[in-house]
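Please open the structure in your viewer and keep the selection tool at hand. We will go from stop to stop, with something to pick out at each one.

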Amino acid sequence: MVEHGDVRVVHKGGSKINFREPALSTDSRFLLCASGESVKVFSTATEECLHALQGHTDLITGVLLRPSNHLQAYSCSLDGTVRLWDFTDGILIRWAKSNRVNIWCCFIYVWTVHLHVCACTELFQLVAVHLPQCGEQLVEAKELSAVLSNISSNPAASAFGREGQYIVSAKPLQLEVYFFKKHKSYSFFLKKDNQKGGKNTFTCITCHPTEDCIASGHEDGKIRLWRNFNHRKEYTYSTLHWHHSAVSSLRFTPEGTNLLSGGVESVLVQWRYNQESQRDFLPRLGGAITHISVSPDGALFCTSHSDNKITIIQSCVKVSAVIQGLVKGDRIRTDLMIEPRSKALVLNGKPGHLQFYSLQRDKLLYNLDIVQQEYIHESGLEQFEVVMAAFDASGSWLATVEERKQKAPELELNLKLWAFDDQKQSFVLNTTISAPHEGRITALCFPHVSDGQTTMLVSTSRDGHFKAWQLAAPAHTEDEGPSWSCDFLGAYHSLVPECCCFSADSSLLAVGFQEVVTVWTPASWELLTTLSQPPGAVRDLCFGRLSCSKYLLGATTSRLLCCWNLLTCSLEWVTSMDVSLLLADPLSENMAAFCFEAGSTDLFVFKPGEPRPLFSHKALCSGRVTHAVFVPREVMLESCDEASQWLNCSHLYFLTQSMDLLTFITKAEEDKLTASSKQLVVSDDVAMTPFHLLLGKHRDQLENPQGSNVSLPQLLQMPAHVLPSASFLCSMFVQSLLISVNKPSEQNKEKEEEMESEKEEEDSDGEMESRISRPEHMPSGESGCAAPALTKEEVRELRRLKKLDHSWMKGLLD
Amino acid sequence: MGEFVVHRVRFFDYMPSAIRAMAFNGSTQRLAVARGDGAVEIFNFADNYFQEKVIPGRSDRAIEALCWVRGRLFSAGLSGEIIEYDLEKLRPRYSVEAYGGPIWTISSNSQETLLGVGCEDGTVKMFEILEERIQFQRNLDRQKGRIISLSWHPSGAQIAAGMIDMIRIFDAETGKSTLKRSSQNRTAPKTHVVVWSVAFLSNDTVISGDSAGKVQIWDAVTGTLIRNHLITKWDVLGLAVSQDESSVIAGTSEGTVVQFQALASTMGQENNQWVRTRTFKNHTHDVRALVHTDTAVVSGGMDTQLVVRPLLDKVEKNTQESALRKILFPHKSLVCCARKAGLLLFQFPDHLELWRLGESRQAGDRLPVMKNPEKLIQLQNKGEDHICCSAVSPCGSWVAFSTVSSVRLYKLQLSNGNISIKKMLLRAFSAFLSFPGSSQPIHLLSASENGNWLAAANTDGQIHVFNLHKLKVSSYLFLHCTLPVYSSCPTAIAIHPTTGHLLSAHADQQIFEFSLKLKEYTAWSRSLQREGLHPLWLQRDTPITHIAFNRNKPAHVFLHDAFMFCIIDQSLPLPQARKKLYNQMDLKTISPQKRMQESHAFKICKMFQHLLSIHLLDDSSLVVVERPLADIVSQLPPPVRQKKFAT
């Protein structure tokens, strides 16, 4: 991506977590996965994201544990850097930069004293990167040596063999094995098709950890186990076949006793190595398996799935956790929307569902079942799809359109209106309108009502009408709530309406009928005026906001962007651009136009009233951008830089054709993020177990210089044969444990008090806390307490009273 | 090439017999195949897999095992006898009763001094191999239950025996059983497991294949199971080990052959493990017999085919050696035609059938049969011996056949519907053919049409021509000439009726023409040798089994193998090796002008498949005897049921 001023396009939130194979930490407690421009560290037990390792400036293309240190991990990125992280604390330890290459994926192996990172570059060469061992944080990787050239772009098609002695790489119909020591490579070819029509193309490769055996997966679902591959002719392979379509991932367990394979069937198959007739299955994992990884101790497996999900499996028996990212199907029919209440991003999720995804927390909140029918996983079936959805301004109503197309004339349509239920904190179906229109619905729009109660919805359709739907109290005085019904049916010269838009104060409705834009007043459904800029049908309509609300913008198919002044009903300006999407920022006057130009998309941000665009970004991404959304910020930015001012109120997220969710980030913001990540302090304790609480505190006291007992660590470090007898030591040891009570220092005491109060505030009465506070109950003895007349107990009593009093008072005031 | 009226005969009910056992002699490259009807066939692997010799079976002989000892062939079967064959006279030399009930297996030690047989009564009997015969030496410890399979340790000190539910290892010196391994089925202990096959390797490893579908690898010293490979749901019927003991193949009831290889699990180390590698599926039924040669896997079974599957890591790729071969039909003609009378004689193991051809009077591409073919006689052979060969005279009034012990001649009289048959008495042979310097059997005979010449070929490749004319004068066959010996065995010989040239086709697909008058190769034959045959011709994998001539067009020679029928026009130029060898169907599609350019001496027709015989009748109509594979398959018992994906 191109650097553009100090505003950059980044992957932030909702990125693919199944892009590359995740790495499991040695103790199986953490899962590291590449997600956009950061490495996310998940807990395998709770599915929560602990933290993100930030610092890369482009898409991360590989994450691997460092073999020599199980608390460190490498990551590599398209920005040409390899970084070494302490992933438990999220600290960047070192990073190596190479100006020459974009690293596409990364394999790491140590086979000499030096560390080598093998990286596959954009030219699909495999190069060995020599990382110098020096203290500086940033090192320049100068020594690059090409190992293999012209390898597959799929990282699963290359693998290191036993103890890094050789590297295996598969091209479509060729297996190449390169031995590092002998500098010799062997190639084995397969025929394109065998007699039975199976396709022999290689899809993935893995090597046995202790034996010389290569497992390769193929397009027709076969797995071949290659042996004797250090001979040009006497090589041999055996074939396993269970999968009915391509094998997408293969892994050996760390001991090499089992082989795991997965594919489209979404079944994890476990083959016994050398007894391949025995196999175990873990079916119904949901979504095609794209990657399999195994923790170094073999306790956990994890599978990445095509629906942006990572499943954590305990030893091929049980699914223990599911980490779900933003669900990305093969295509998205609805627009990107922001749910006004939770500020969650809403779009198509699972088939027949809408997903609510929190961009702030980067987490899937929930899926809302719209179709409410069982989805049948079979290709070629026509099933109901959610094609359109809209929220009203306050977030109390959601309108959805689902359609099923069996044949062109038999289109089935449902318009559903969902009310937000405060008790359930979810949307509840209010009205289902089957066949709301005779043709496909082209646009759906709620008016922007500021006082809260929305009672109108406008839908336009290919049948030549637009309909206004009204929330009406039930005619019969039964105990049903209000429901929606059709209020007005509008048409214009039997033209097909393509888009509609309410003005900012909802006093006007603009409906684009092919070349003609009609402006209606919703109060009386009167046609006020028509605007037209032939030739070319109007594709997108958008009213200006705030001070620019007098402007109406329209994009036409004849590559024009027109701006009409509604006060004069005349064309204010027109410019020639092929706008594929027009968006208005709800919190400012800014508008964003995504223009398709020469195979890629450009972005212009402008105010309708001003001649110059505020911001422009050429060649944002390849292909058309058809989905984008302004997401209001939680905290306003106060940037005065001209080019980034438009980002002060909202983020702009957009979805590329390859279903990547991208956004813009300013330099200042980025600096803040990296700064915050560097502030993290090294702490040697990881888990807050009861044992740690007890011992850790004790250690604090031990480490205190005023604490008299320095002998204990010395005692533990002494060789046993020079120590006095155990009976003598025992009493000393017990003594040493009691010392903290006998000689508390002033600071120590204060600290303890603070801790104690904290504990009380938390109002927890666990056993653990009581045990910790036990030393407090002991008489403080001759500790130098000169000033306070009150004893400790008295102080505590007083504090408790104080607190009680306060809450009681508070209750009175309320 | 001309047009012919073709009798397309499909009523020859030839049914090959299932393959029961095989043995391969590596030093002579001969494979012995025992069929279900007791016949033993010898294939020469060095000479294009040609079926050199056939020892006809007997109806009471059921061969279970074969064994080569220094070029001597032994067989044993359910009759309880051990038979040694005379490979020159093509009949059993002697048989020795083992007195242990039916014999299931026979195996010789690698020193080739002892022959071990496994009997129904649970004894392993040792026979000493003497110069002229074998002599019983002793019994090993008698066991309960039959001995199904035997394998000698290469040192000859131990012998492993596969039994029901167990494998035993005997000390060959003392005869004591040293080790017993139970290979009982743990999942279903009630059912018995038959150890169909064992193999004893020199590193004290025993490999067994059993009826539970497992190939198990045992340590013979400690008797522990090292590895267990479940390869089929049905039986593992046979095992074969390569010469260097790096590869083992196992045949199953599903028709698959599974290869196991001893591979080093890590490079450069000696810790070899037996790993299942390749699976070959060339059979539809049980694979009963297996042989692992140095370069190929040879398998045969219930579906009667002999399949030679080369191991691609041992042979050069894309050569003739690397092609898969299936041997379906015998390499000699079982059909004889009376070309004047329009009769066909079919030879079966125990009877002959004489058929009259059908008739049709219409013209056109497809001729409807006006008169159905008619079976005139079924001539049943008396006695147990099977028929070796048979012939009918061109006029159709004489029929002769022979068994290993006798020759019979019948006179037929066909007069408007009445058939009479009369057995003729044969005097003792008045003349003996003898080939100087060779004791190999004569396998081809061909007389010239005028009855002057008789050509005979033996399996050493010698072809002699005798003058029959002088036979009438003296009772001594006068040797006219001897052809130069060609390295490959002749598969068909014939003497031209007008020119008197002898044409011979050989197993390596070469063709020679020899002038009997001048006693030298003809100019055509020399030019053929000079220019060489077309590569596509040489790559065919079935031998030419019959040569015939057209009286009306002396330049035309009719040849056929199992998959094509060819007329060689000796007047046309020979095909160039570089050019495409068009067959007649392809020639029809190209333009006439080009057709002229492309025309060559070899006119090949592939319209008829699985050809058993082609004959030219005197009325210039062709008789084509086909045996479609589907007919053979339909007569086989149904194969074991297998679950197929998506069915």
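In which helix of chain A is A:Ala668 found? Select residues 667-678 of chain A: this is helix α1, and A:Ala668 belongs to it. Keep in mind throughout the tour that you are looking at a predicted model.

**Stop 1: a residue on the outside**

Is A:Ala668 buried or exposed? With a relative accessible area of 54%, A:Ala668 is exposed, because the cut-off for that word is over 50%.

**Stop 2: chain A as a whole**

Zoom out and colour chain A by secondary structure. Of the 814 residues in chain A, 51% are buried. The chain exposes about 39100 Å², and carbon and sulfur atoms supply 53% of that area. Contacts also reach along the sequence: of those in chain A between residues at least 6 apart, 45% join residues at least 24 apart.

**Stop 3: a covered strand and its two partners**

Select residues 258-263 of chain A, which form strand β24. How many of its six residues are buried? The count is six of six, and the strand is mostly covered. Turn the view to follow the side directions: A:Asn258, A:Leu260 and A:Gly262 point one way, while A:Leu259, A:Ser261 and A:Gly263 point the other way. Residues of both groups are buried.

β23(A) and β24(A) pair in the antiparallel sense over five bridges, and one pair to look for is A:Ser249 with its bridge partner A:Gly262. The two strands form a hairpin with five residues between them. In that turn, pick A:Gly256, which has a positive phi of about 80 degrees.

**Stop 4: a buried threonine**

Move to A:Thr311, which sits in strand β29, residues 309-314 of chain A. Why does A:Thr311 count as buried? Its relative accessibility is 2%, and the cut-off for buried is under 20%, so the residue qualifies. Show the side chains of A:Thr311 and A:His305: they make a polar contact at 3.0 Å. Leaving out residues up to four places away in sequence, A:Thr311 also touches others, including A:Leu285, A:Phe301, A:Val319 and A:Val322.

**Stop 5: a four-stranded sheet**

Staying in chain A, look for an open sheet of four strands in the order β47-β48-β49-β50, with antiparallel pairing. Its edge strands are β47 (538-543) and β50 (570-576), each pairing on one side only. On average, neighbouring strands of this sheet are turned by 20 degrees against each other, direction ignored. Focus on β49, residues 560-565, which six bridges join to β50(A). There A:Trp564 stands opposite A:Leu571.

**Stop 6: a hairpin in chain B**

Switch to chain B and select strand β16, residues 166-171. Five of its six residues are buried, so the strand is largely enclosed by the rest of the structure. Strand β15, residues 158-163, runs antiparallel to β16(B), and five bridges join them. One bridge pair is B:Gln158 and B:Asp171. Two residues lie between the strands of this hairpin, where B:Asp165 takes a positive phi near 70 degrees.

**Stop 7: the nonpolar cores**

In soluble globular proteins, nonpolar side chains tend to be buried together. The largest nonpolar core in this model has 21 residues. Select B:Ile511, B:Trp537, B:Ile547, B:Leu559, B:Ile568 and B:Phe602, the members with the most contacts inside it. Among the elements of chain B that each supply at least two residues of this core are α1 (523-531), β42 (490-495) and β49 (602-605). Centre on B:Ile511, and you will find that it touches residues including B:Leu503, B:Trp524, B:Leu528 and B:Phe602. Apart from this core lies another, of 20 residues, with A:Phe594, A:Phe615, A:Leu647 and A:Leu652 among them.

Methods
Residues are numbered from 1 along each chain as its sequence is written. Chains are lettered from A and ligands numbered from 1 in the order in which they are written. Side-chain values use heavy atoms; hydrogens and water are left out. Buried means under 20% relative accessible area, exposed over 50%, partly exposed in between (1.4 Å probe, protein chains only). Two strands pair if DSSP finds at least two bridges between them. Contact means heavy atoms within 4.5 Å. Accessible areas come from the Shrake-Rupley method with a 1.4 Å probe; for residues, only the protein chains shown count as cover. A polar contact is a pair of N or O atoms within 3.5 Å; within protein, one must be able to donate a hydrogen and the other to accept it, and residues adjacent in sequence count only if both atoms are side-chain atoms. A nonpolar core is a set of buried Ala, Val, Leu, Ile, Met, Phe, Trp, Tyr and Cys residues joined through side-chain atoms within 4.5 Å. Axes are lines fitted to C-alpha atoms, for helices over the stretch in contact, and angles run from 0 to 180 degrees between N-to-C directions.
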